[in-house]
Amino acid sequence: MSNITAAMVKELREKTGAGMMDCKTALAETGGDIEAAVDWLRKKGLSKAAKKAGRVAAEGLVSVQSSGRTAAIVEVNSETDFVARNDSFQAFAREVAKIALNGDGTLAGLEAAHFPGASLTVKEKLQELIATIGENMTLRRVERLHVDSGYIATYVHNAAGEGLGKIGVLVALESTGDVSQLETLGRQIAMHVAATSPAGLDAASIPADVIEREKAILRDRNAGKPEHVLEKIVESGLKSYFKENTLLEQPFIHDPSRSVSQVLKEAEGRVGAPVKLVAFVRFGLGDGIEKEEAPDFAAEVAAAARG
């Protein structure tokens with residue numbers, strides 16, 4: 001059996017919301033494999049927050065910029081929230097998103113782009129900022145969306161300034177209709193995305209390995225039942241999964257009696273043309289980044305005293 005540490009138990013609790021003893025048991029049963037332990041808890045019905053898996057906080061800012069039919073979103077990380085509130089850091093994050101509007105949507109392309117007002121690339125400007133502020137920073141990721149006709153709405157949650165915050169969302173709507181109506185509709189959907197963090201646009205956009213993982217969990221939860229019954233349970237379970245996790249099928253947060261796809265269809269009268277939601281991007285600050293735990297100074301002193 002692997003050595004199960006308190007840090008491993010804490011990480012699993014944060015990912016699943018399960019009790020401490022259940023987390024210890026799950027880790028013991030899976031040899032200390034965190035992801036396998038998440039699945040073990042879900043199979044046992046003990047995971048209260050499977051959606052939290054993989055989300056670990058980090059400092060910095062998400063920055064968004066839109067020119068109407070093109071929009072970009074970037075994440076710039078810092079070691080501390082103090083630096084994220086620094087004017088120079090915020091100015092850099094905002095400028096980089098503007099540069100990304102005209103880029104190719106890749107991180108390498110953005111890093112190599114010219115930074116306005118300096119004979120430097122974006123990457124070199126970031127290095128200069130690191131040297132000036134004295135804290136490590138990274139330009140972590142970037143996405144760019146474009147529609148030939150329509151509108152790309154943006155939304156920033158926990159705003160730290162114009163276009164800056166802890167969660168950023170882009171929603172791309174294709175339509176030849178009224179742009180002002182598309183802007184309002186897109187922003188409402190972007191707020192929905194910020195709140196629900198969909199796994200994909202629709203069932204077809206969910207990776208096959210994720211679907212197989214859901215099927216395996218459903219089968220394990222209902223092991224022992226006849227195969228024909230099990231197949232119906234899996235089919236029903238997947239429908240529920242898609243309804244909860246795909247944007248177009250989710251109940252709209254502003255009116256849960258309707259799905260997002262129904263909201264889009266009903267909006268066509270106001271817009272004056274068909275509306276298609278073709279893509280979305282959601283950046284939550286620090287998604288998937290493992291952050292070092294602050295040392296427990298009191299515990300270290302106590303341990304030294306005992307020694």
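Of the 307 residues that make up the protein chain, 42% are classed as buried, a term that denotes a relative accessible area under 20%, with exposed meaning over 50% and partly exposed the range in between (1.4 Å probe, protein chains only). The model is predicted, so local features need pLDDT of at least 70 and side-chain atom pairs count only at pLDDT 80 or more, while totals for chains, interfaces and linings use all residues. Residues are numbered from 1 along each chain as its sequence is written, and side-chain values use heavy atoms, with hydrogens and water left out.

The protein chain contains 12 helices and 11 strands, taken as DSSP runs numbered from the N terminus (helices: H or I, at least four residues; strands: E, at least two). Among its contacts (heavy atoms within 4.5 Å) with a separation of 6 or more, 65% join residues 24 or more positions apart.

Val 234 belongs to helix H10, which spans residues 227-245. Val 234 is buried, at a relative accessible area of 5%. Leaving aside residues up to four places away in sequence, Val 234 touches Lys 215, Leu 218 and Arg 219. The C-alpha atom of Val 234 is 9.2 Å from that of Ile 217, a residue 17 positions away along the chain.

Asn 158, in the loop between strand E6 (150-157) and strand E7 (164-165), has a positive phi of about 55 degrees although it is not a glycine. Ser 197, also not a glycine, has a positive phi near 50 degrees and lies in the loop between helix H8 (179-196) and helix H9 (208-221). Asn 158 is partly exposed, with a relative accessible area of 49%, whereas Ser 197 is buried, at 17%.
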